[in-house]
Amino acid sequence: MSSLEDRRLLVKVANMYYEEGATQSEIAKSIGVSRSLISKYLAKAKESGVVEIIIHDDEAHPYMALESKVERRYDLREVVCVSSGEGESVKARLGAAASKYLLRIIKDGQTIGISSGTTLNEVAKSLPSQHFSGLTIVPLVGGMGDERVDIHSNSIVAKVAESFHADYKLLHAPVLVDSKEAKEVIVQQSFIKTIFDIASKSDIAVVGIGGTPEHSTMVKSYLHQVKQKEFNYEGIVGDICYNFIDRNGEAFSNPWNDKVITMELENLKKIPLVIGVASGKEKVEAIRTSLVAKLIDVLITDENTAKELLD
């Protein structure tokens with residue numbers, strides 16, 4: 001077969017398959033060759049430039065290229081970007097994006113761990129009513145007290161469970177206790193230990209990522225309980241599940257971490273899929289550290305934060 005005849009056949013096969021919607025078997029029968037040869041013709045049509053497949057995603061999802069760059073840079077399972085904005089509006093978009101992602105990946109019978117904060121509250125508010133069989137929602141951090149009850153883990157867990165018609169557990173412990181000794185006693189209580197045992201076996205964890213202490217909504221609500229003269233901000237890049245972390249993504253040694261009721265970072269790392277939902281210039285270093293330290297598998301963020309992560 002000459003190159004001219006070969007190209008004419010490639011065009012004919014490609015036109016029948018892509019334009020007319022014929023199956024490979026139908027084309028093979030029409031032309032009088034085997035189906036496997038049609039498959040080879042279609043592959044050659046793409047290799048030679050007879051066929052070009054263009055995905056028009058700029059309007060439907062303009063951040064695909066940016067997401068892919070961040071995924072490759074940090075070896076992430078997936079990155080989802082939303083448009084940037086100010087204050088609560090971007091948090092609402094992050095919540096909506098995270099809820100869509102959850103609906104795509106959740107399977108019946110799974111356990112989902114939830115941390116706390118304003119952004120995760122938006123996730124809970126965005127979830128539609130959908131039934132999953134045998135689903136359990138469990139908190140990853142303490143969630144009692146009078147400060148910002150709406151963004152406590154227990155409150156968010158209850159909202160998520162209501163949307164999914166799921167079973168849920170509550171962690172009857174405060175965010176912060178009075179001393180390191182008090183924490184050691186509380187976390188060994190059977191009703192607390194049972195919840196953390198269930199949480200450590202979660203299939204999915206959804207967590208927020210906080211910036212340095214002065215930028216964290218929940219931390220600011222409780223920081224007055226830690227004596228300022230005992231508290232050193234230097235070296236802290238942010239927090240994940242209320243664990244202040246250093247530049248290596250390890251738990252920082254300070255009075256806050258000694259007193260906070262939360263899942264340990266080593267247990268968080270063992271959860272198969274950890275979804276981080278966060279954005280903002282003040283959180284970039286904390287997000288970057290969490291990604292490098294492999295604390296997060298999936299990141300849901302905004303355009304500006306994603307670009308900062310590539311700098």
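What we are looking at is a predicted model, in which local features need pLDDT of at least 70 and side-chain atom pairs count only at pLDDT 80 or more, while totals for chains, interfaces and linings use all residues. Residues are numbered from 1 along each chain as its sequence is written, and side-chain values use heavy atoms, with hydrogens and water left out.

Ser-84 sits in the loop between β1 (78-82) and α5 (87-105), where helices (H or I, at least four residues) and strands (E, at least two) are DSSP runs numbered from the N terminus. How far apart are Ser-84 and Asn-304, in sequence and in space? Along the sequence 220 residues separate Ser-84 from Asn-304, yet from C-alpha to C-alpha the two are 6.1 Å apart in space. Ser-84 counts as partly exposed because its relative accessible area is 24%, and the cut-offs here are under 20% for buried, over 50% for exposed and in between for partly exposed, using a 1.4 Å probe and protein chains only.

With those terms in hand, let me step back to the chain as a whole, which has 14 helices and 9 strands. Of its 311 residues, 50% are buried, and among the contacts in the chain with a separation of 6 or more, 70% are between residues 24 or more positions apart.

Ser-279 lies in the loop between β8 (273-277) and α13 (284-292), and because its relative accessibility is 11%, Ser-279 counts as buried. Beyond its neighbours within four places in sequence, Lys-91 is in contact with Thr-118, Thr-119 and Glu-122.

Why can we call α13 largely enclosed by the rest of the structure? The reason is that 7 of its 9 residues are buried, namely Val-284, Ala-286, Ile-287, Arg-288, Thr-289, Ser-290 and Leu-291. The cover over these buried residues includes α4 (64-74) together with β5 (204-210), β6 (238-240), β7 (243-245), β9 (298-302) and α14 (303-310). Following α13 comes Lys-294, which has a positive phi, near 60°.

Most residues other than glycine have a negative phi, and with that in mind two more residues deserve a mention. Asp-75 has a positive phi, near 55°; it is found in the loop between α4 and β1 and is exposed, because its relative accessible area is 62%. His-165 also has a positive phi, near 55°, and it lies in the loop between α7 (153-164) and β4, where it is partly exposed, with a relative accessible area of 45%.

Lastly, let me turn to the strands around β3. Strand β2 (residues 111-114) and β3 (residues 136-139) run parallel and pair over 4 bridges, pairing being taken to need at least two bridges found by DSSP. Within this pairing, Ile-112 has Ile-137 in β3 as its bridge partner. The chain gets from β2 to β3 through helix α6 (residues 118-126), and this β-α-β crossover is right-handed, that is, with the strands pointing away from the viewer, the path from the first strand over the helix to the second runs clockwise. Strand β3 is also joined by 2 bridges to strand β4 (residues 167-168), again in the parallel sense, and here Thr-136 stands opposite Asp-167. Which way do the residues of β3 point? Thr-136 and Val-138 point one way, Ile-137 and Pro-139 point the other way, and all of them are buried.

Conventions. Contact means heavy atoms within 4.5 Å.
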